Amino acid sequence: MKYITIALAKGRLAKQTLSLLEQSGITCEEMKDKDTRKLIFANEDLRLKFFLSKTSDVPTYVEYGAADIGVVGSDTILEERRRLLEVLDLGLGKCRMCVAGPASARELLKNNEIIRVASKYPKIAKDYFYNKKHQTVEIVKLNGSVELAPIVGLSEVIVDIVETGSTLKENGLEVLEEICPLSARVVVNEASMKLQRERITQIIRDLKNAVCDR
Ligand code: PRP
């Protein structure tokens, strides 16, 4: 039997996903070893392989079929715009994509002024400002700690993930506009879904049941 390969996004989400997989009967003991430097793990009985990758690379692995299934946040799916099937909302890692900044930036947004927007998600930011708000802005791509940008004067606002809101609060910033809710999704390679439909839909069904039982 051919292996089915599952790509997981490194970090917080991987841990939660692994426990959900475990709940649905899919275990991978090898992966629990915190000291391991191995990148790919297998469950030989179930003919499954698992690997952890940088979050933003998960959709790429799935589009090219290097992974049949992926688990990744909808922020990454929206930003990467890869060809893949989004099949299940796991309801994990719930948060919101927002425009945030100092309270004083509210006026700039209201008056459609040409402002600078810093974000790790330039495509999401562009789509929101250009296609939804019809507001011309300059988008600056950053790779992390985006809240710094309005504080040090790089941009007027940011487009970023807000979970608890404490990063914004501790830095004197606030949510100015909400773009969309986010959560972890299961994605599947299009060809794999045709060629391995039975096994893949069974995995999705098991995961769905595990989500419902939570
Ligand atoms: C994310 C996000 C915010 C923060 C929001 O950053 O970019 O900075 O979490 O969480 P909160 O609303 O609960 O405070 P992450 O921790 O992924 O690091 P990064 O800033 O390097 O992207």
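Sorted by class, the lining of the largest pocket has 12 nonpolar, 15 polar and 11 charged residues. The model is predicted, and in it the space taken by the ligand is this largest pocket.

**The largest pocket**

- About 1000 Å³ of space lies in the largest pocket, and its lining is made up of 38 residues, of which Arg12, Asp75, Lys120, Tyr121 and Ile161 lie nearest its centre.
- Two or more residues of this lining come from each of helix H1 (12-23), helix H3 (74-80), strand S9 and helix H7.
- Among the contributors to the lining of the largest pocket, H3 provides the largest share, namely four residues.

**The shell around the ligand**

- The ligand has 13 residues around it, and those that come nearest are Lys120, Glu147, Thr164, Gly165 and Thr167; Lys120 is also one of the residues nearest the centre of the largest pocket.
- By class, this shell has two nonpolar, six polar and five charged residues.

**Polar atoms facing the ligand**

- On the backbone side, an N or O atom of Ser145 lies 3.0 Å from an oxygen atom of the ligand.
- From the side chain of Asp160, an N or O atom is placed 2.8 Å from an oxygen atom of the ligand.
- For Thr167, which is one of the residues that come nearest to the ligand, a polar side-chain atom lies 2.4 Å from an oxygen atom of the ligand.
- Taken on its own, the ligand has 490 Å² of accessible area, and the protein covers 70% of that area.

**Elements that contribute to the shell**

- The elements that give two or more residues to the shell around the ligand are strand S9 (157-162) and helix H7 (166-170), and both elements also give two or more residues to the lining of the largest pocket.
- It is S9 that gives the most to the shell, with three residues, whereas the largest share of the lining of the largest pocket comes from H3.

**The second largest pocket**

- The second largest pocket has a volume of about 530 Å³ and is lined by 19 residues, with Lys15, Leu18, Met31, Lys32 and Leu52 lying nearest its centre.
- H1, which gives two or more residues to the lining of the largest pocket, gives the most to the lining of the second largest pocket, with five residues.
- By class, the lining of the second largest pocket has eight nonpolar, four polar and seven charged residues.

Conventions: Residues numbered from 1 in each chain as written. Predicted model: local features only at pLDDT ≥ 70, side-chain atom pairs only at ≥ 80, totals over all residues. Heavy atoms only, no water. Near = heavy atom within 4 Å. Polar contact = N/O pair within 3.5 Å; in protein donor to acceptor, adjacent residues only side chain to side chain. Areas by Shrake-Rupley, 256 points an atom, 1.4 Å probe, with all protein chains shown as cover. 1 Å grid on protein atoms, 1.4 Å probe; cavity = no way out; pocket = protein on both sides within 12 Å on 5 of 7 lines; lining within 4 Å. Sits in = over half its atoms within 2 Å of the grid points. Nonpolar A, V, L, I, M, F, W, Y, C, P; charged D, E, K, R; others polar. Points joined across faces, edges and corners; volume = space filled by probe spheres on them.
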